[in-house]
Every structure is written in structure tokens, then in C-alpha cells.
Amino acid sequence: MTPLLVVAFLLVAAGGTVVVLTHEPSRQAVTLSVYGVLLTLLFVLLQAPDVALSQVAVGSAVVPLMVLLAVRKVRGKR
Amino acid sequence: MTRSARWIVFWLGAGGVGALIVLALLKMPSFGGIVHPYRELSVPAAIGRSAPNIVSSVNFDQRALDTLGEETILLGSVVGAAALLRPSKDEREQLDQDEGRVLEATKLLGYLMLPVTLIVGLDVVTHGHLTPGGGFQGGVVLATAVHLLYVAGSYRMLRRVRPKTWYQVAEAVAGGAFVILGLVGLLLTGAFLANIFPRGVLGDLFSSGTVFYLNVAVGAEVTSGVVVLLSGFLAQALSVREVR
């Protein structure tokens with residue numbers, strides 16, 4: 001395992017922990033998006049560009065957007 | 001079930017799964033090894049079928065049935081989410097007069113990126129058999145491109161250029177096209193989803209036989225599916241109001 005891969009694995013582990021420890025859902029959407037980018041980096045380093053493309057599009061853009069929209073809808077009911 | 005009984009069931013399950021995972025991990029080949037039985041079989045098969053992107057060849061040719069299953073799961077979840085997100089009896093769609101202000105920098109970047117994202121999405125879909133990516137990845141990129149109109153412009157603008165029913169129809173048609181291509185393969189060669197198009201020259205745009213066409217079908221299905229899904233979320237967050 002190259003040092004670069006070790007760094008990527010540690011970043012993914014740290015990123016995942018930050019997502020779990022973020023309690024506010026709207027903030028969690030942002031940390032989830034950052035985590036998605038870190039995971040993309042790992043997939044690129046593991047030479048899986050197909051998976052990396054899916055991950056960056058779904059994990060860093062579409063899913064956080066759906067979370068933010070859901071949070072906005074729930075908050076709007078006052 | 002009492003609280004302690006629940007814990008016993010949980011620990012039995014967790015212990016069983018944990019033991020199986022440890023057993024499986026102990027038997028795993030070491031990280032980054034040189035023995036790859038699947039590579040040895042799939043790479044020559046993919047190259048022999050004029051599809052230099054091995055992943056696409058596996059997804060759309062060698063194991064196309066699995067991909068049909070995946071697409072059906074996507075279709076099912078979009079239909080389910082759309083059904084849950086539709087306005088209920090005491091809700092009406094009502095657009096806000098004032099949509100807030102968009103930063104000039106956001107507008108500029110959004111309108112600059114919109115055509116770039118569209119082209120990248122189309123490129124990823126149509127070159128799925130040649131370069132990394134394919135219908136799924138390109139489809140999500142295309143759907144993201146459409147929504148840059150919301151980020152840079154306004155919700156009204158997005159709704160105007162995105163007639164929801166078109167995308168609903170497109171999703172059904174594209175999902176059906178995958179199955180029809182499979183059935184044509186069954187009729188002509190005796191195997192579901194078997195290749196029916198000429199393989200072409202390795203590296204050409206129109207090569208790899210069915211892989212190209214299935215990629216386009218999946219690209220259309222995923223684009224429409226994500227647009228329909230996000231339109232449900234956007235409508236609920238921005239325009240669906242309770243009426244009393």
C-alpha cells in the first residue's frame with residue numbers, strides 16, 4: 001500500500017467519523033458532501049474511475065441536495 | 001418482546017455476522033496482490049467484444065442482466081419517492097412571488113458551467129464503452145446540469161424548461177428500451193440481452209455492439225429518474241403549501 005493510499009484511507013475514516021458526529025441535519029449534508037469527495041479521491045487512487053464518477057455525482061451533489069431540500073420542507077412547517 | 005430479550009437477539013445476530021466477517025477477511029487475498037481471476041477472464045472477453053472500458057463491458061454485455069436489475073431498482077425507488085412526494089389532498093402548488101436574490105458570481109459560474117456540464121454528461125454517456133463512466137454516471141451529471149438553472153437562475157425558470165411529464169415519459173420509455181433490446185437479443189440469438197449489433201472496430205464511437213445502445217438507454221433513464229426525483233423534492237420544499 002502506497003503512502004498516498006494510507007492518507008486517503010485515513011481521510012475517509014476521519015470524514016466518516018465527522019459525518020456521524022455532526023448532529024444538525026443541514027450541517028450534516030455539507031459534511032456528507034465533503035465525505036463524498038474524500039471517498040471519490042480514494043476510488044481514483046484505487047484505480048476505479050467508474051465508481052469515482054458515480055460517487056462524486058451522487059454522493060457529493062444529489063444526495064446532499066435532497067437532504068437540504070427535505071430539511072427545508074420540515075423546517076417550513078411552523 | 002422484552003428489552004433484555006431484544007438485546008439477546010441483537011447480540012446473537014451481531015456476533016454471528018461479526019464472526020462470519022472475520023472468517024471471510026482471514027481468507028481474503030492480500031491487498032494489491034497480483035492474482036486476479038476475474039481480470040484474467042473479463043479483460044480478454046471485453047477486448048474481444050470491442051469494449052476497451054472493461055467495467056462497461058461487464059455491466060452491459062457480460063453481466064447485462066445484473067444491470068437491468070439495478071435499473072429496475074432505480075426505477076422502483078423513483079416511482080416510490082415520487083408517489084410519496086406528490087401533493088396530498090390538503091396541499092396545493094403555489095409559487096412564491098419573491099424568490100430571493102442570487103449572487104452575481106453564482107449566476108456567472110452557474111451559466112458558464114451549464115453548457116460545460118451538459119457536454120460532459122453527454123460525453124460520459126456516449127463514450128461509456130471507451131472511457132470511464134457510462135449511462136449511470138453521465139445520466140447523473142446531465143440531471144445535475146439541468147438543476148444548475150435553479151442554482152444560477154430561479155425555480156420558475158427551471159420549471160419552464162423542465163416539463164416534468166416529459167421526463168416521466170422518457171424514464172418509462174428508456175427503462176422499457178433496455179428490456180426490448182434484451183428481448184430482441186432473445187429472439188435473434190436465443191439469449192436475453194445478447195449482443196445484436198455489429199461489434200465494430202475497437203475504439204470507434206459506434207463499436208462494442210449493444211453496450212453503446214444500452215448505455216444511451218440507461219443514460220436517458222437515469223437523467224429522467226433523477227430529474228423526476230429532484231422535482232418532487234424541490235416542489236415539496238419550494239412550492240407545495242398546505243391549504244385550510
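Residues are numbered from 1 along each chain as its sequence is written, while chains are lettered from A and ligands numbered from 1 in the order in which they are written. Because the model is predicted, local features need pLDDT of at least 70 and side-chain atom pairs count only at pLDDT 80 or more, whereas totals for chains, interfaces and linings use all residues; side-chain values use heavy atoms, with hydrogens and water left out.

**View 1. Chain A meets chain B.** Here 18 residues of chain A are in contact with 21 residues of chain B, contact meaning heavy atoms within 4.5 Å. The two chains bury about 1700 Å² between them, 75% of it on carbon and sulfur atoms; buried area is the accessible area (1.4 Å probe) that two parts lose on being put together, summed over both. On the chain A side, A:Asp50, A:Leu69 and A:Lys73 lose the most area, together 34% of what that side buries.

**View 2. The chain A side of the interface.** Between chain A and chain B there are zero salt bridges, a salt bridge being a side-chain nitrogen of Lys or Arg within 4 Å of a carboxyl oxygen of Asp or Glu. Six residue pairs are in polar contact across the interface, both residues at pLDDT 80 or more. A polar contact is a pair of N or O atoms within 3.5 Å; within protein, one must be able to donate a hydrogen and the other to accept it, and residues adjacent in sequence count only if both atoms are side-chain atoms. Helix 3 of chain A gives the most to this side, with 13 residues. Helices (H or I, at least four residues) are DSSP runs, numbered from the N terminus.

View 3. A:Ser54 sits in helix 3 (residues 49-76) of chain A. At 16% relative accessibility A:Ser54 is buried, since buried means under 20% relative accessible area, exposed over 50%, and partly exposed in between (1.4 Å probe, protein chains only). Its side chain makes a polar contact with the side chain of B:Gln137 at 3.2 Å. Beyond neighbours within four places in sequence, A:Ser54 is in contact with A:Gly59, B:Phe136 and B:Gln137.

**View 4. The largest nonpolar core.** This core has 38 residues, and B:Phe178 and B:Leu214 have the most contacts inside it. A nonpolar core is a set of buried Ala, Val, Leu, Ile, Met, Phe, Trp, Tyr and Cys residues joined through side-chain atoms within 4.5 Å. Helix 9 of chain B provides the largest share of this core, 14 residues. Leaving aside neighbours within four places in sequence, B:Phe178 is in contact with several residues, including B:Phe60, B:Leu193 and B:Val218.

**View 5. A salt bridge between distant parts of chain B.** B:Arg199 pairs with B:Asp61 in a salt bridge, the closest N and O atoms being 3.1 Å apart. B:Arg199 lies in the loop between helix 8 and helix 9 of chain B, and B:Asp61 in helix 3 (residues 54-62) of chain B, 138 residues apart. B:Arg199 is partly exposed at 27% relative accessibility, whereas B:Asp61 is buried at 11%.

**View 6. A salt bridge within one helix.** B:Glu104 and B:Lys107 meet in a salt bridge (3.9 Å, N to O). Both lie in helix 5 (residues 104-126) of chain B, three residues apart, about one turn of the helix. B:Glu104 is exposed at 59% relative accessibility, and B:Lys107 is partly exposed at 30%.

Technical notes: Helices (H or I, at least four residues) and strands (E, at least two) are DSSP runs, numbered from the N terminus.
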